[in-house]
Amino acid sequence: TVLSPLCDVIITGNTIFDTLIIKPGTRIQMDNQVGLAFNRLVANGTPDSMILFTKNINSYATWSEVRNVSSQMATFWYCIFEYGGRSGVNWGNEIITPGSLMSLEDCVIRYCHSWYGQGWNIISPRDSASVRRTNILYNQANLAIVGLDHQQWYGQFQNNIVAENYYHQYYQKPNSTGFYQSIGTKYYTSRGDTTSTGGTHV
């Protein structure tokens, strides 16, 4: 499947592509809580013609996730991810690159949110996935915006700008019945640029 600026692309239901080729300048709109997945990806935007993943312009609701379902690494070049989000009390995955095997080069992640009640990251790379020269701005989550402490991650998080994001961390303890209950929150705002090869979060 080839998506190009000549197409008015609106994803209205959870969709899996075998091979997905996205041309520079393509805008992909996704409906409320809709996800997009693929087995093989070519998504090579350019500095003056970036690929855009965004919500349906006729809705305030946010899309759910972009996922690689293959066992091969996929890389997004010069892509913008905006207005993705999850909410509710159930556990889930990250919004972008859930599970691993997706790298970001020269991308932008902005205006995304992840409110689970118990929390999740916006992105959390694993395996050899890397994030380089990417701006991560104005996002909100229950947990750190970027989780870089996965034991199976050995990629790079390099020359990125992570700024003006907001997250609050729940702290919990078991109650008398053995279930966990919230005992407080801490609030964080991220500012500045970050380089890491693992073992931290921002």
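# Cut-offs and conclusions

Student: Why is arginine 133 called partly exposed?

Tutor: Arginine 133 has a relative accessibility of 36%, and partly exposed is the class between buried, under 20% relative accessible area, and exposed, over 50%, with a 1.4 Å probe and protein chains only. This is a predicted model, in which local features need pLDDT of at least 70 and side-chain atom pairs count only at pLDDT 80 or more, while totals for chains, interfaces and linings use all residues. Residues are numbered from 1 along each chain as its sequence is written, and side-chain values use heavy atoms, leaving out hydrogens and water.

Student: What makes arginine 132 and glutamate 105 a salt bridge, and is glutamate 105 buried or exposed?

Tutor: The closest N and O atoms of arginine 132 and glutamate 105 are 2.4 Å apart, within the cut-off already given. Arginine 132 belongs to strand β14 (residues 131-132) and glutamate 105 to strand β11 (residues 102-105), where a strand is a DSSP run of E, at least two residues, numbered from the N terminus. Glutamate 105, at 6% relative accessibility, counts as buried, whereas arginine 132, at 22%, is partly exposed.

Student: What is the total number of salt bridges by this rule, and what makes glutamate 82 part of one?

Tutor: The count comes to 5. Glutamate 82 forms a salt bridge with arginine 110, their closest N and O atoms being 2.8 Å apart; since glutamate 82 lies in strand β9 and arginine 110 in strand β12, the pair ties together parts that are 28 residues apart in sequence. Glutamate 82 is buried at 9% relative accessible area, while arginine 110 is partly exposed at 27%.

Student: What covers the picture of β9's two faces?

Tutor: In a regular strand the side chains alternate between the two faces of the sheet. In β9 (residues 79-82), both faces are covered, with Cys79 and Phe81 buried on one side and Ile80 and Glu82 buried on the other.

Student: Why is asparagine 68 called buried, and what makes its link to serine 70 a polar contact?

Tutor: Asparagine 68 has a relative accessible area of 7%, so it falls in the buried class. The side chains of asparagine 68 and serine 70 come to 2.9 Å, and a polar contact is a pair of N or O atoms within 3.5 Å, one able to donate a hydrogen and the other to accept it, with residues adjacent in sequence counting only if both atoms are side-chain atoms. The side chain of asparagine 68 also reaches the backbone oxygen of leucine 101 at 2.8 Å.

How values were computed:
Helix = DSSP H or I, 4+ residues; strand = E, 2+ residues; numbered from the N terminus. Salt bridge = Lys/Arg side-chain N within 4 Å of Asp/Glu carboxyl O.
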